Amino acid sequence: KPLIRVNHESNLIMASKTAILASCGAVAVLCGCVLLANRNGSPLEHGLRTRVTAPVARGRIASISKRCAPATAAARLSKMPTQTTASNSKIAGRKFALAPLRSSSTDSESSSSSGLVVIPEDYRLGGSLLGVAFLLGPALHLWPQFFLHALIGGFLTFQTTRVRFRFSDSDLDVVFTDGPEGSAAESLSTASSGENMLQGGGENRWSLKSVTNWEMWWPGFPILVYFKENQTKSDGQPHFFPIIMDGKKLYEQMLAKMGPSKNAKPAPEDWNLDTALDATPVGRSIKEELDDDVKAKLKEVKDFGDIAKLLKS
């Protein structure tokens, strides 16, 4: 009985330590979430919570009419009521202020003329972490690990809905949309994403000429992207971002518009497990341990689905 009691107490101590470590990690991630989610807002972003009167709404229509066809702007102004109640003025202000921004062709024309490319979102990383969380919790009853993976996966999924990377001919920048149905990323300014407080501060816009090195882990199976620039700091400021966007399109833009990386990069059409392992010293050491038959099959593995086929064979 004393031996059983000692073992039971040891297990409780180990479980307590695990829970404490998981809690510390969760608190750190939450702090990061709060900092990353902080951004500068404008009164228009608050929708019906902002009190918009008819004269103010008319002023906003007039200010954006330059970006719309004159006939269309005149028709919308003629339909604007001169006297409205408080509630009607809120609705009118939201309706007439947002419609031109979403329907204007001028923004899309200017973005295409300046070579602006928006990298679309990709939910696979956040979704995978959520899947692992539900496997660890309900299936294996590892609840501290469940909450940690669920927290990170949920945060990455939320960020995927609004964070957009954009490449112009001269810059890389990051903007925040209002979710899948929010404003078009082409028409947003970098003020929407606030300041990059976690990685050097300043605006989320970097000159492509300032990038001194970049990496993507891993070509073919992108999870994390890195680049270093000397715009924020003269001695170089590194930046890390999880792949919550289309990794292949991001890679293509970096390969075409950023300077050469210190490590050779394969062409996008050559992405496979063999090139992914060659990208890091750890991967190269793994390849050395594989037999010749497995090495021959590495080039056939081009995505995560092919990995499952390789394991089965």
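Okay, let's start with a definition: a residue is called buried when its relative accessible area is under 20%. Keep that cut-off in mind, and also remember that what's on the screen is a predicted model.

So, take G236. It sits in the loop between β6 and β7, which covers 237-242. Is G236 buried or exposed? Its relative accessible area is 15%, so G236 is buried. What does it touch, then, if we skip residues up to four places away in sequence? The answer is K228, E229 and N230. There's also V211, which is 25 residues away from G236 along the chain, with 8.8 Å between the two C-alpha atoms.

You'll find E121 between β1, at 117-119, and α6, at 124-139. E121 is partly exposed, because its relative accessible area is 33%. Leaving out residues up to four places away in sequence, E121 touches T160, R164, I244, M245 and D246. And its C-alpha is 9.5 Å from that of Q159, 38 residues apart along the chain.

Q159 brings us to α7. This helix has 20 residues and spans 29 Å from first C-alpha to last, close to the 28 Å expected at 1.5 Å a residue. Which of its residues are buried? They are F146, G153, F155, L156, Q159, T160, T161 and R162.

On to the inside. The largest nonpolar core has 26 residues, and F165, L250 and M258 touch the most other members. Where does that core come from? The elements giving two or more residues are α7 (143-162), β2 (163-167), β3 (171-176), β5 (211-217), β6 (224-229) and α8 (247-257).

Let me zoom in on M258 for a moment. Setting aside neighbours within four places in sequence, M258 is in contact with F167, L172, L208, V211, W214, F227 and Q253. Notice V211 in there: that's the residue whose C-alpha is 8.8 Å from G236's.

Last stop, the surface. W218, I223, L224, F240 and F304 make up a nonpolar patch, and together they have about 430 Å² of accessible area. L224 is part of strand β6.

Terms used. Residues numbered from 1 in each chain as written. Predicted model: local features only at pLDDT ≥ 70, side-chain atom pairs only at ≥ 80, totals over all residues. Heavy atoms only, no water. Core = buried A, V, L, I, M, F, W, Y, C linked by side-chain atoms within 4.5 Å. Buried < 20%, exposed > 50% of the residue type's maximum accessible area, 1.4 Å probe, protein only. Helix = DSSP H or I, 4+ residues; strand = E, 2+ residues; numbered from the N terminus. Contact = heavy atoms within 4.5 Å. Expected span 1.5 Å × (residues − 1). Patch = residues over 30% accessible without salt bridge, like charges linked within 9 Å, V, L, I, M, F, W, Y side chains within 5 Å. Areas by Shrake-Rupley, 256 points an atom, 1.4 Å probe, with all protein chains shown as cover. Salt bridge = Lys/Arg side-chain N within 4 Å of Asp/Glu carboxyl O.
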